[in-house]
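Good morning, and thank you for making time for this presentation. I would ask you to look at the structure with me while I go through a few of its local features.

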Amino acid sequence: MNTESLRELRLRPERIVRDLDISIGLARTYQQRSDDRPEDETNALSVAATYFRRAAANALLLGRYADAKGIFLEAAFAYQRLGLPYSVVVTALSSEGHSRTERLAYGWLNAYFDHELDERAVPQLAYVILAQSTFTESRQMSFDRIVSVRRSLDPYRLRSLGALGTTVGTLLDLFDSLVPNMGQRRIDVAEAMAPFFGAYNTAIRQTIQNHYHWERLALPFHPADPDIYGILTLTDSALQIRRDVTLQRFIEQAAISQESRYFLSTILEGITGKQQDSNLRR
């Protein structure tokens, strides 16, 4: 995103830069604390992961995509240390992208089958199942194992994940639409994507009306929300592999506001490398 576009959306680049710098500073402070104080490791690491995640989201808004991917990688390491499969969706946004996502996906699924995954983290396997849709058949885990995990997540369908309250069920439906031979029911991709576009559009439309907090990004929802963009990045990869289309086609057809469409198109293009990093244009 360029400076002019941010200002038109009533976002001040200088404030976003300041927020990014503060967030990365706090993230590194708590990361160091997690190393220095083993008794407080989990709490400190959780805070560090949250601030790394926010710093990376700010970098996305600023069009500093290379910086964002590097910071997302640090966030992914923190979430991985915390034992959270959510690390897969963050890794999808990182500088190591597909290769590390694949390694993590295998690791989390094996941890589940070996009974080494904490019960509270099981619903997050929906992210891992979605990641499987981005691998070719030769690189996927065996059909039976994926189907087994996919079915085991059905009881968690109404469990909410992330800032936008994405449910496990909507992630499973998205997987079913992308890999119909493994899914439990047939569902069109456009239908499966509708809840994600709708939730993001509602969040943008409502938060942008709160001028004071919007201009300061002082809201639980961030316009470059890593949860939604991680999911969209995985979906875009799966669509290219399996349908030879990109997610941009679905964004263009979605019933969403102009602001939401601009954010989605611009940021996704930056993440996937189709848009030049703003640092390189200076």
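Let me begin with a definition: a charge sits over a ring if NZ of Lys or CZ of Arg is within 6 Å of the ring centre and within 35 degrees of the ring normal. Please keep in mind that this is a predicted model.

With that criterion, consider arginine 249, which lies over the face of phenylalanine 250 at 5.1 Å from the ring centre. A second case is arginine 216, placed over the face of tyrosine 212 at 3.8 Å from the ring centre.

I turn now to rings that pair with one another. How many aromatic pairs are there by the ring-pairing rule? The count comes to 7 aromatic pairs. One of them joins tyrosine 112 and phenylalanine 113 in an edge-to-face arrangement, with 5.6 Å from centre to centre and 70 degrees between the planes. That pair is called edge-to-face because planes over 60 degrees apart fall in that class. Tyrosine 112 has a relative accessibility of 23% and therefore counts as partly exposed. Phenylalanine 113, at 21%, is likewise partly exposed. Elsewhere, ring pairs link Tyr79, Tyr86 and Tyr127 into a cluster.

Next, the helix packing. Helix H2 covers residues 13–36 and helix H3 covers residues 41–61; their axes come within 7 Å and cross at roughly 155 degrees. Because of that angle, H2 is roughly antiparallel to H3. As for handedness, the crossing of H2 and H3 is left-handed. Among the H2 residues that meet H3 are Ile16, Asp19, Leu20, Ile24 and Ala27, while the H3 side includes Ala44, Val47, Ala48, Tyr51 and Arg54.

Aspartate 19 is found in helix H2. Is aspartate 19 buried or exposed? With 17% relative accessibility, aspartate 19 counts as buried, since the limit for that class is under 20%. Leaving aside residues up to four places away in sequence, aspartate 19 touches Arg54 and Asn58.

The axes of H3 and H4 come within 8 Å and cross at roughly 160 degrees. H3 is therefore roughly antiparallel to H4. This crossing of H3 and H4 is left-handed. The contact involves, among others, Leu45, Ala49, Phe52, Ala56 and Leu60 of H3, together with Tyr65, Ala68, Ile71, Phe72 and Tyr79 of H4. Tyr79 has already been mentioned as a member of the cluster with Tyr86 and Tyr127.

Which residue between helix H11 (211–216) and helix H12 (226–242) deserves a look? Leucine 217 is located in that loop. Although leucine 217 is not a glycine, its phi is positive, at about 50 degrees. With a relative accessibility of 6%, leucine 217 counts as buried.

Aspartate 244 provides another instance, with a positive phi of about 60 degrees although it is not a glycine. Its place is in the loop between H12 and helix H13 (248–253). Aspartate 244 is exposed, its relative accessible area being 70%.

Technical notes
Residues numbered from 1 in each chain as written. Predicted model: local features only at pLDDT ≥ 70, side-chain atom pairs only at ≥ 80, totals over all residues. Heavy atoms only, no water. Phe/Tyr/Trp six-rings, centres within 6.5 Å; stacked < 30°, edge-to-face > 60°. Buried < 20%, exposed > 50% of the residue type's maximum accessible area, 1.4 Å probe, protein only. Axes fitted to C-alpha atoms, helices over the stretch in contact; angles between N-to-C directions. Helix = DSSP H or I, 4+ residues; strand = E, 2+ residues; numbered from the N terminus. Parallel < 35°, antiparallel > 145°, perpendicular 65-115°, else oblique. Left-handed = near helix turned anticlockwise from the far one by under 90°. Contact = heavy atoms within 4.5 Å.
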